[in-house]
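Reader: I'm new to this one. Can you walk me through it?

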Amino acid sequence: SMDMSAPFRQGLMLIGRPKEFFGAMRPMVEAWGNEKYAEQALEDIVHGRRADIQLKAGLELTGIGGLDITHREEQFLNVLHGGLSNSLLGKGIAASERSYVVYLNKLRHDYFNAVVDGWEKAGKTITDADYESLATFVNYATGRGKLPGTLERAASILNAIFFAPRFVWSRFAAPAQLFTATPEVRKEVIRSLGTFVAGGVGLAALLKYQGWIDIEMDPRSPDFGKGKIAGTNTRLDWWAGYQPIARYIAQGWTGEGKSQSGRISEINRLKTVWRSAQSKLAPASG
């Protein structure tokens, strides 16, 4: 409830544009400690460059507080800390929410503008479909965007049952933009996904080469792709929500699981599906 993990969780897929990715971090930190700064930062974003185009295209800009989850970051439900607003815990959660909202809104806003600036500089003809496709990709890449079909209308209910359903759906929908985005946006999707994957693999290789971490390469293991710090039980996961998806698919496909001790055993595929679903439930539902 109290952290600043938005850049390396919801925002990590957009690290391909480091100026925008890292540039939103200072406002994130300032928003944590200053409520008035956070409010002004959000105002500046809402009324910033191309704000009208972004709004028309459907770029997601979330708010702080309130009970309508469709307009807030899913990780924060005020109903949980509203009664504690004057306590240290409540203030800490509220500060964390401010930092999340400011960071992700600024990243979405700045990333959208950076891509469009590049198109304009190159003299490309930009259509409304390009704007909408870009907004859709940015939304999904940062853990937002619409749920499929009729599920969108039940978003508030789903968030009470599942933990961050938009974020979970976005992990599938973002790479799917390779097939549905306009040609201009598809280039940006390839760039972003390529940088994300190559960066993760490169970081793992570098840390392993230096002898600082061990990497589990078996997708059946709960530690698949994670870095285990040498001599400790501490694990690093820089895959922004994709690691569990890959693991459950591998276990369901092979019918086998690998324990952290290295033991391979047969598993019940139906039980694996259930465990995967249960891991996405909200705490009370789980």
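Predicted model: local features only at pLDDT ≥ 70, side-chain atom pairs only at ≥ 80, totals over all residues.

**A buried glutamate and its partners**

Author: Let's start in helix 10, where E188 is found.

Reader: Is E188 buried or exposed?

Author: Buried. E188 has 7% relative accessibility, and the buried class is under 20%.

Reader: What does E188 touch, leaving out residues up to four places away in sequence?

Author: With those left out, E188 touches R17, Y111, V115 and F137.

Reader: Which side chain makes a polar contact with the side chain of E188?

Author: That of R17, at 3.0 Å. The two side chains also meet in a salt bridge, at 3.0 Å from N to O. This pair links distant parts of the chain, with R17 in the segment before helix 1 and E188 in helix 10 (residues 183-209), 171 residues apart.

Reader: And R17, buried or exposed?

Author: R17 is buried, at a relative accessible area of 15%.

Reader: Where does R17 lie relative to Y111?

Author: Over the face of the Y111 ring, 5.8 Å from the ring centre. Y111 is also one of the residues that E188 touches.

Reader: Back to salt bridges. How many does the structure hold?

Author: There are 14 salt bridges in the structure. As a general point, side chains of opposite charge can pair when their charged atoms come close.

Reader: Give me another one. Which side chain does E60 meet in a salt bridge?

Author: E60 meets R144, at 3.4 Å from N to O. E60 lies in the loop between helix 4 (51-57) and helix 5 (78-81), and R144 in the loop between helix 7 (128-141) and helix 8 (155-161), so the pair ties together parts 84 residues apart in sequence. Both E60 and R144 are buried.

Reader: What about D218? Which side chain does D218 meet in a salt bridge?

Author: D218 pairs with R220, at 2.7 Å from N to O. D218 is buried, with a relative accessible area of 14%. R220 is buried too, with a value of 18%.

Reader: Which residues are linked in a network of salt bridges?

Author: R49, R50, D117 and E120 are linked that way.

Reader: New topic: aromatics. How many aromatic pairs does a search of the whole structure find?

Author: The search finds 6 aromatic pairs. One of them is F8 with F21, which is edge-to-face, with 5.7 Å centre to centre and 75 degrees between the planes. F8 lies in the segment before helix 1 (18-23) and F21 in helix 1, so the pair ties together parts 13 residues apart in sequence.

Reader: Which class does F21 fall in, buried or exposed?

Author: F21 counts as buried, at 0% relative accessibility. F8 is partly exposed, with a relative accessible area of 47%.

Reader: How far apart are the ring centres of F21 and F22?

Author: They are 4.9 Å apart, and the planes are at 85 degrees, so F21 and F22 are an edge-to-face pair. F22 counts as partly exposed, at 42% relative accessibility.

Reader: Which residues form one aromatic cluster?

Author: F8, F21, F22 and Y103 form it.

Reader: Now the start of the chain. Where is S5 found?

Author: S5 is found in the segment before helix 1. S5 counts as partly exposed, at 28% relative accessibility.

Reader: What does S5 touch, not counting residues up to four places away?

Author: Q10 and Y100, on that count. The side chain of S5 also makes a polar contact with the side chain of Y100, at 2.4 Å.

Reader: What separates the C-alpha atoms of S5 and A129?

Author: A distance of 32 Å, and the two residues are 124 apart along the chain.

Reader: Last topic, helix 11. How far apart are its end C-alpha atoms?

Author: They are 17 Å apart. At 1.5 Å a residue, the 12 residues of helix 11 (residues 243-254) should span 16 Å, which agrees.

Reader: Which residues in helix 11 are buried?

Author: Q243, P244, I245, R247, Y248, A250 and Q251 are buried there.

Reader: What do the buried residues of helix 11 pack against?

Author: They pack against helix 9 (165-180), strand 4 (256-258) and helix 12 (269-278).

Reader: Which residue follows helix 11?

Author: G255 does, and its phi is positive, near 70 degrees.

Notes
Residues numbered from 1 in each chain as written. Heavy atoms only, no water. Phe/Tyr/Trp six-rings, centres within 6.5 Å; stacked < 30°, edge-to-face > 60°. Helix = DSSP H or I, 4+ residues; strand = E, 2+ residues; numbered from the N terminus. Buried < 20%, exposed > 50% of the residue type's maximum accessible area, 1.4 Å probe, protein only. Lys NZ or Arg CZ within 6 Å of the ring centre and 35° of its normal. Salt bridge = Lys/Arg side-chain N within 4 Å of Asp/Glu carboxyl O. Expected span 1.5 Å × (residues − 1). Contact = heavy atoms within 4.5 Å. Polar contact = N/O pair within 3.5 Å; in protein donor to acceptor, adjacent residues only side chain to side chain.
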